[in-house]
Amino acid sequence: MTLPHRHVLTCPAIPASVPLARREAEMTYAAWGINPGHRSVGPALLVLSELVTNSVRHAAPVSPQLTVIYAAGGDTLAFAVHDRHPRQLDPLCFPQSSGGLATVAEVTADWGGTWTVRPDADGGGKSVWITLPL
């Protein structure tokens, strides 16, 4: 799927990056004409917060930076959180996990979205991609 809108934020893997990523999402989506009150924006911000928090909590010791990729087009809102921690996540385990990844799975499924984990080519990191319908 090709999405015409794309924006990238790289930030330190620290707790302050969670609200930073949310604010960047709100501003970016608004600049693309996506109303902040759109029904998919709230769930997207919640899932984004959980993914950034997960990277901050678990990847920061080996991945001092994380990258958030925002994308949108037509009827799709998408974003990814990337870190360089080598532990690969299995999205099939998200619903059975507790805490943040369980929230990611539940909210994404409830809103008709998808989640995908894409490992880096060298196996040294991964991106968790979320898509939600607009």
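The crossing of H1 and H2 is right-handed; a crossing counts as right-handed if the near helix is turned clockwise from the far one by less than a right angle, and left-handed if anticlockwise. This is a predicted model, in which local features need pLDDT of at least 70 and side-chain atom pairs count only at pLDDT 80 or more, while totals for chains, interfaces and linings use all residues. Residues are numbered from 1 along each chain as its sequence is written, and side-chain values use heavy atoms, with hydrogens and water left out.

Select residues 17-31 for H1 and 41-59 for H2. Helices (H or I, at least four residues) and strands (E, at least two) are DSSP runs, numbered from the N terminus. The two helices pack at about 145°, their axes 9 Å apart. Axes are lines fitted to C-alpha atoms, for helices over the stretch in contact, and angles run from 0 to 180 degrees between N-to-C directions.

H1 contributes Ser-17, Val-18, Ala-21, Arg-22, Ala-25 and Glu-26; from H2 come Leu-45, Leu-46, Leu-48, Ser-49, Val-52 and Thr-53.

Now turn to what H1 lies across: E1, E2 (65-73) and E3, with H1 running at about 160° to E1. These strands belong to an open antiparallel sheet of 5 strands, ordered E1-E2-E3-E5-E4. Strands pair if DSSP finds at least two bridges between them.

Ala-78 has Thr-131 of E5 as its bridge partner.

Definitions and conventions
Contact means heavy atoms within 4.5 Å.
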